[in-house]
Amino acid sequence: MRLILLGPPGSGKGTQSVLLRDKFNIPQISTGDLLRSAVSAQTALGAKVGEYMDKGHLVPDELVIDMIKERLQDEDCNNGYVLDGFPRTVLQAEKLDEMLASVGEKVDEVVDLEVNPEEILIRLTGRRTCRDCNAMFHLTLKPPKQSGICDPCGGELYQRADDNEQTVMSRLEEYENKTAPLKEFYRKQGKLKSAKGSGSMDDIFDRICSLVS
Ligand code: ADP
Ligand code: ZN
């Protein structure tokens, strides 16, 4: 099963893709996480992408495409995966289709998570992330038991460099201009399904599961 989660930044793709990973026992691949790891490991790729990310701009297509191409060749991807944050442009979607077609495969399902921009701003600016396990919290909507400390692993919580109001606004703009057109791209392929992305984590997950076969 090859699944794609679409949706604006802060729509819950990260949370839901992890739940899907566990339910279907397939890897969850987040280009945002891969890029952040490259930045903190100070790889050649990391050196090129940090500035784009901090400004809330998309990283250039060719860098992301090369990175994902490599990741999808790993053995754990043989039985499918859930993609979180990729594709984010029509070019990326076309390249993914080409990549898959060349080995006789295809994207099976695309689920778009719908959340309005006002809610996204609140979600992202209050978000705190664990440095060690990437678990996510929110200052008011989902506070950790102990301030600044991750519940499951005890790691330190931090605010992502791109979760400030100004950068969130740029991310939303990038989404509208470059990523939202993907809905039409997958609608034309007959693959697009939409789920309301507000409510409890479990309700949203149930909605997604009822959409994917
Ligand atoms: P969110 O979905 O909340 O914006 P991500 O962690 O998915 O967060 O992405 C963070 C940043 O990483 C993006 O703002 C962008 O700069 C970069 N990025 C992630 N995925 C892609 C992609 N497919 N194409 C281009 N840039 C990407
Ligand atoms: Zn943690």
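C133 is partly exposed, with a relative accessible area of 37%, whereas C150 is buried at 2%; buried here means under 20% relative accessible area, exposed over 50% and partly exposed in between, with a 1.4 Å probe and protein chains only. This is a predicted model, in which local features need pLDDT of at least 70 and side-chain atom pairs count only at pLDDT 80 or more, while totals for chains, interfaces and linings use all residues. Residues are numbered from 1 along each chain as its sequence is written, ligands are numbered from 1 in the order in which they are written, and side-chain values use heavy atoms, with hydrogens and water left out.

Both cysteines belong to the zinc site: the protein donors of the zinc ion (ligand 2) are the SG atoms of C130, C133, C150 and C153, lying 2.3 Å from it, where donors are N, O and S atoms within 2.8 Å of the metal (3.2 Å for Na, K and Ca). The donor residues follow the spacing C-x2-C-x16-C-x2-C in sequence. C133 sits in the loop between β5 (127-130) and β6 (136-138), and C150, 17 residues apart from it, in the loop between β6 and β7 (157-158).

| Residue and its atom | Atom of ligand 1 | Distance |
|---|---|---|
| K13, side-chain N or O | oxygen | 3.1 Å |
| V59, backbone N or O | nitrogen | 3.0 Å |
| Q92, side-chain N or O | nitrogen | 2.9 Å |

Taken alone, ligand 1 exposes 540 Å², of which the protein buries 96%, the areas coming from the Shrake-Rupley method with a 1.4 Å probe.

Conventions. A polar contact is a pair of N or O atoms within 3.5 Å; within protein, one must be able to donate a hydrogen and the other to accept it, and residues adjacent in sequence count only if both atoms are side-chain atoms. Helices (H or I, at least four residues) and strands (E, at least two) are DSSP runs, numbered from the N terminus.
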